[in-house]
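Please open the model in a viewer and keep the selection panel at hand. The stops below are arranged so that each selection leads to the next.

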Amino acid sequence: MNLPPAILIMGPTASGKTAAAMALADRFPVELISVDSAQVFIDMDIGTAKPDAATLARYPHRLIDLITPEERYSAARFRADALAAMAAITAAGRVPVLVGGTMLYCRALLHGLAELPQADAALRAELDAEAARAGWPAMHARLAALDPVTAARLPPNDSQRIQRALEVCLTSGRPMSELLQESAAETPPYDFLQLALLPSERAVLHERIARRFDEMLLAGLDDELAALRRKYRLSADLPSMRCVGYRQVWEAQDGLITRREMRDRGIFATRQLAKRQITWLGNSFAAESLDCVAPQLSERVVDRVARFLSA
């Protein structure tokens with residue numbers, strides 16, 4: 001069966017994803033869907049690097065400005081919203097282009113959400129105590145008896161994953177591999193082109209991150225957060241306020257750190273976020289890689305998509 005095409009553009013922060021997506025919108029009959037857990041928040045514009053009003057008027061993005069900063073948004077809700085948007089775009093004879101760096105959302109979209117049991121602190125303590133006595137290779141052998149498929153892909157000293165797999169087996173009474181296989185059956189009915197915009201030189205990406213954070217500060221990130229705190233009932237532990245940038249500015253506004261520390265911590269946290277995004281892309285996706293620090297990145301994305309759509 002021929003599946004309708006869909007394009008997924010992923011990459012770390014400051015890798016040029018939005019510019020590439022807009023270049024596609026100039027060339028092909030596509031519509032854009034944001035895959036960004038921070039851009040769902042209304043009034044959080046500067047710190048989320050949300051496209052400005054003029055850009056959004058020319059290049060509309062679905063799944064931007066969905067909820068207030070007081071609310072919470074989940075990967076499950078994103079998946080439902082994204083699939084509904086994709087269906088509407090496809091029905092209109094256009095191609096959905098999903099663009100963003102929230103890797104959990106990308107994975108949820110492509111592979112579904114396994115209904116794994118919640119963490120059980122008491123059981124984890126028991127497993128830790130058992131591992132302290134017997135060692136993690138012995139725990140790995142125990143997992144192999146309960147879930148040989150999962151055990152086969154884990155090294156005997158991977159304590160964190162062995163513990164979680166045992167916890168799932170003992171709590172649910174079923175192998176984790178079986179639960180994940182059921183989730184994989186939820187793969188969306190699309191022919192996906194997955195593109196990962198990754199840096200050949202991380203130093204260049206780090207320079208971009210520092211420059212962009214400074215630009216956010218100059219654009220009024222401090223004032224934006226102050227206005228948010230006046231308008232909404234916010235606390236520092238809300239997901240919106242834990243977004244990189246907002247968290248550091250909040251601490252500075254509360255006098256917990258200096259302005260200089262706020263800038264340094266904001267840049268460092270953004271670089272750490274980019275590192276995690278790059279790791280996700282290397283471990284969890286079968287995406288084609290394009291060098292995000294190479295010249296004419298958008299043109300390269302356009303060329304690859306042209307070949308995909310004409311195939």
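A contact, as the term is used on this tour, means heavy atoms within 4.5 Å. The model is a predicted one, in which local features need pLDDT of at least 70 and side-chain atom pairs count only at pLDDT 80 or more, while totals for chains, interfaces and linings use all residues. Residues are numbered from 1 along each chain as its sequence is written, and side-chain values use heavy atoms, with hydrogens and water left out.

**Stop 1: Y246 and the cores**

Select Y246 and display its surroundings. Not counting residues up to four places away in sequence, Y246 touches M44, D45, I46, G47, T48, L221, E224, L225, L228, S240 and M241.

Buried means under 20% relative accessible area, exposed over 50%, and partly exposed in between, with a 1.4 Å probe and protein chains only. The largest such core has 48 residues, and those touching the most other members are F78, M86, L98, F192, L228, M241 and Y246. Among the elements that give two or more residues to this core are β1, β5, α3 (75-91), α11 (221-231) and α13 (259-284). Helices (H or I, at least four residues) and strands (E, at least two) are DSSP runs, numbered from the N terminus. Another core, of 24 residues, lies apart from the largest one and includes I7, L32, Y59 and F308. In soluble globular proteins, nonpolar side chains tend to be buried together.

**Stop 2: strand β5 and its partners**

Select residues 191-198, which form strand β5; six of its eight residues are buried. Two strands pair if DSSP finds at least two bridges between them. On this criterion β5 pairs with β1 (residues 5-10) in the parallel sense over six bridges, and L195 is the bridge partner of I9. Strand β6 (residues 288-291) also runs parallel to β5, joined to it by four bridges.

**Stop 3: K17**

Move to K17, in helix α1 (residues 17-27). Leaving aside neighbours within four places in sequence, the contacts of K17 are I9, M10, G11, P12, V99, G100, G101 and L197.

**Stop 4: salt bridges**

By the same rule the count comes to 20 salt bridges. Begin with E31 and R94, whose side chains meet at 3.6 Å, N to O. E31 is in strand β2 and R94 in the loop between α3 and β4 (95-100), so the pair ties together parts that are 63 residues apart in sequence. E31 is partly exposed at 23% relative accessible area, and R94 is partly exposed at 34%.

Select R259 and D222 next: their closest N and O atoms are 2.4 Å apart in a salt bridge. This pair links helix α13, which holds R259, to helix α11, which holds D222, 37 residues apart.

Continue to R304 and E288, a salt bridge with its closest N and O atoms 2.7 Å apart. Because R304 lies in helix α14 (residues 297-310) and E288 in strand β6, the pair ties together parts that are 16 residues apart in sequence. R304 counts as buried at 16% relative accessibility, whereas E288 counts as partly exposed at 35%.

To complete this stop, select D214, R260, R263 and D264, which are linked in a network of salt bridges.

**Stop 5**

Where does D43 lie? D43 is in the loop between β2 (30-34) and α2 (53-58), and has a positive phi of about 70° although it is not a glycine. A49 lies in the loop between β2 and α2, and its phi is near 55°, a positive value in a residue other than glycine.

Finally, select residues 159-172, helix α8, which has 14 residues and reaches 20 Å from its first C-alpha to its last, close to the 20 Å expected at 1.5 Å a residue. That expected span is 1.5 Å times one less than the number of residues. The buried residues in α8 are I162, Q163, A165, L166, E167, V168 and C169. After α8 comes G173, whose phi is positive, near 80°.

How values were computed. A nonpolar core is a set of buried Ala, Val, Leu, Ile, Met, Phe, Trp, Tyr and Cys residues joined through side-chain atoms within 4.5 Å. A salt bridge is a side-chain nitrogen of Lys or Arg within 4 Å of a carboxyl oxygen of Asp or Glu.
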